[in-house]
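Subject: Structure for you to look at

Hello,

Here is the structure I promised to pass on. Please open it and keep it in view while you read the notes below.

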Amino acid sequence: MAIESILIVDDEEKLAKILERSLRGEGFEARAVFDASAALTALEDAAWDVVLTDLKMPGMDGLDLLARVKARRPETDVVMMTAYASAETAVEAMKRGAYDYLIKPFPVDELTMLLGRIGETRGLRQENARLREEAEERVKLDNIVARSAPMQDVLTQVRKVAKSGATVLLRGESGTGKEVLARAIHHLSARREGPLIRVNCGAIPETLLESELFGHVKGAFTGAVETREGHFKAADGGTIFLDEIAEMPPSLQVKLLRILQEGEYTRVGDSRPRQVDVRVLAATNQNLEEMMTKGTFRQDLYYRLSVVPILIPPLRERPEDIPALIEHFERRFAPKGTPPVLAPEAYDLLLRYPWPGNIRELENAIEHALVMGEGARVEITHLPLALRQWAQGGPPGGATPAISAAQPSAGTLEAMEISAIQEALAKTGGNQTRAARLLGITRRTLGYRMKKYGIASGREDDDELASPLPQDPLSPEND
Ligand SMILES: Nc1ncnc2c1ncn2[C@@H]1O[C@H](COP(=O)(O)OP(=O)(O)OP(=O)(O)O)[C@@H](O)[C@H]1O
Ligand SMILES: [Mg+2]
């Protein structure tokens with residue numbers, strides 16, 4: 001990249017003017033100033049590619065100016081001009097980051113040649129930075145399979161939004177990759193060197209969540225024996241990922257809004273507000289719009305969070321991703337050296353199955369199949385029960401499975417969900433918390449769905465649900 005602008009700093013006004021004129025004559029944007037403080041002002045106003053400065057000047061000298069320039073605008077190259085007598089100091093200047101030095105008097109040619117070299121170096125430097133960035137981006141996005149057009153769109157949004165520093169709300173059904181993308185956003189952002197803290201708002205009891213997020217002072221409540229900082233403080237300079245944001249109680253929603261708007265929070269039991277510099281990413285699989293009309297999710301917070309919403313489509317809406325995902329997970333789970341073989345019927349079933357648990361379910365299915373098939377040939381019998389049942393229920397050649405007579409007429413996905421839930425409950429002996437974990441949904445969502453489908457947990461102590469439950473935004477009846 002060629003040099004465009006050069007700032008000349010010399011207390012010998014005449015010399016500075018001559019250089020200015022001859023550099024302008026060669027097509028550069030050049031400007032002469034006569035002391036270091038004028039140079040600093042000029043550097044505040046604009047980014048100069050090169051600063052050509054005299055070493056000895058009254059007031060701030062060239063070395064001090066060099067330090068200031070490097071601190072403020074490290075991409076600016078500095079060239080020292082000096083009389084022969086102080087060449088040693090010029091060498092010192094190079095140690096401190098000057099690009100090169102010129103011994104006065106010098107022919108203008110020498111300066112022009114030096115500028116040419118600087119231009120080349122800058123070009124290389126920029127090319128390197130670009131390559132490094134590209135390589136980093138590839139590594140960050142390498143483990144994210146996105147063959148389909150809708151996922152390509154999502155990745156484009158992720159790349160753009162990562163750079164911006166904006167608050168992002170990731171939405172999508174369970175298992176669609178919200179967390180994976182949240183991590184990618186952090187790692188592609190300018191905060192990548194800073195911390196990334198994930199907080200699952202659904203997993204922390206309401207009474208503790210405020211203190212977990214914002215910290216507390218000693219004696220703030222029984223049990224607060226010591227002052228503790230919260231997750232926001234821990235994420236200072238980095239990113240906080242608020243997973244399952246819909247589970248955040250309204251009292252805390254206000255406090256989150258404050259931190260989003262003013263970067264300010266107060267620890268529990270404290271009176272002094274504190275500042276943090278944290279980027280917020282949030283995720284949910286809940287219908288926030290509906291929660292808003294019910295009054296369980298604040299409208300102002302909703303708008304503040306969804307400045308940039310990213311909607312991750314469910315796997316059934318992007319079947320083109322399935323083959324690549326199968327391959328991806330085979331590579332991850334297959335024992336080295338023995339590439340597994342999927343029997344055609346098994347492969348076909350993987351392609352046709354509607355994947356209500358999305359990528360997480362597919363990932364689990366492949367792992368399951370490889371274990372059952374002992375890493376060699378995978379037959380239909382090695383696939384998880386949910387898939388086999390779905391396959392058996394389906395009419396010959398059709399994609400719509402029949403459902404058991406006990407269930408009222410429901411669509412494909414509902415039938416799928418029902419059998420997945422029943423299977424999970426059977427595996428966990430009716431323990432809803434564990435079943436929910438197995439399915440990759442929250443216990444509340446599981447409870448909601450069990451109620452909806454009239455599924456009993458098979459355990460007396462575990463099937464009562466407290467509050468009215470929010471609805472899944474993307475469940476079939478809302479489509
Ligand atoms: N595009 C993808 N490519 C490869 N693996 C993926 C992709 N998306 C998700 N996964 C994998 O699927 C699993 C589920 O992803 P993730 O945890 O990000 O989903 P989620 O949307 O956060 O789900 P939940 O709402 O249940 O928390 C993870 O193991 C993740 O590595
Ligand atoms: Mg998640």
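**What I found**

Just after α1, Gly 27 takes a positive phi of about 95 degrees. Keep in mind that this is a predicted model.

Start with α1 itself. This helix covers residues 13-25, which makes 13 residues. From its first C-alpha to its last it reaches 18 Å. That is close to the 18 Å expected at 1.5 Å a residue.

Which residues of α1 are buried? They are Ala 16, Leu 19, Glu 20 and Leu 23. They cover an arc of only 105 degrees around the axis, so they sit on the same side of α1. The spacing fits a general rule. An α-helix has 3.6 residues a turn, so residues three or four places apart point the same way. Now turn the helix around. The face turned away from the buried side carries the exposed residues Lys 14, Arg 21 and Gly 25.

Next, ligand 1. How many residues surround it? There are 18. The closest are Val 145, Ser 174, Gly 177, Lys 178 and Glu 179. Two elements give two or more residues each to this shell: α7 (178-188) and α15 (358-372). By class, the shell has 5 nonpolar, 9 polar and 4 charged residues. Where does the ligand lie? Domain 2 (143-313) and domain 3 (315-402) both give residues to the shell, so ligand 1 lies between them.

Then look at Pro 195. You will find it in the loop between α7 and β7 (196-200). Is Pro 195 buried, exposed or partly exposed? It has 15 C-beta neighbours inside 10 Å, so it counts as partly exposed. A residue needs 20 or more to be buried, and 12 or fewer to be exposed. Leave aside its neighbours within four places in sequence. Pro 195 is then in contact with Ala 234, Ala 235 and Gly 238. Take Ala 234: it is 39 residues from Pro 195 along the chain, yet their C-alpha atoms are separated by 7.5 Å.

Last, the whole protein. Its secondary structure comes to 19 helices and 16 strands. Of its 479 residues, 35% are buried. Consider the contacts between residues at least 6 apart in sequence: 67% of them join residues at least 24 apart.

Best wishes

Definitions and conventions:
Residues are numbered from 1 along each chain as its sequence is written. Chains are lettered from A and ligands numbered from 1 in the order in which they are written. This is a predicted model: local features need pLDDT of at least 70, side-chain atom pairs count only at pLDDT 80 or more; totals for chains, interfaces and linings use all residues. A residue is near a molecule or strand if its C-beta atom, placed from the backbone, lies within 6 Å of it. Helices (H or I, at least four residues) and strands (E, at least two) are DSSP runs, numbered from the N terminus. Ala, Val, Leu, Ile, Met, Phe, Trp, Tyr, Cys and Pro count as nonpolar, Asp, Glu, Lys and Arg as charged, and the others, Gly among them, as polar. Domain bounds come from an automatic or database domain assignment. The expected span of a helix is 1.5 Å times one less than its number of residues. The arc is that of the directions from the helix axis to the C-beta atoms. Two residues are in contact if their C-beta atoms, placed from the backbone, lie within 7 Å.
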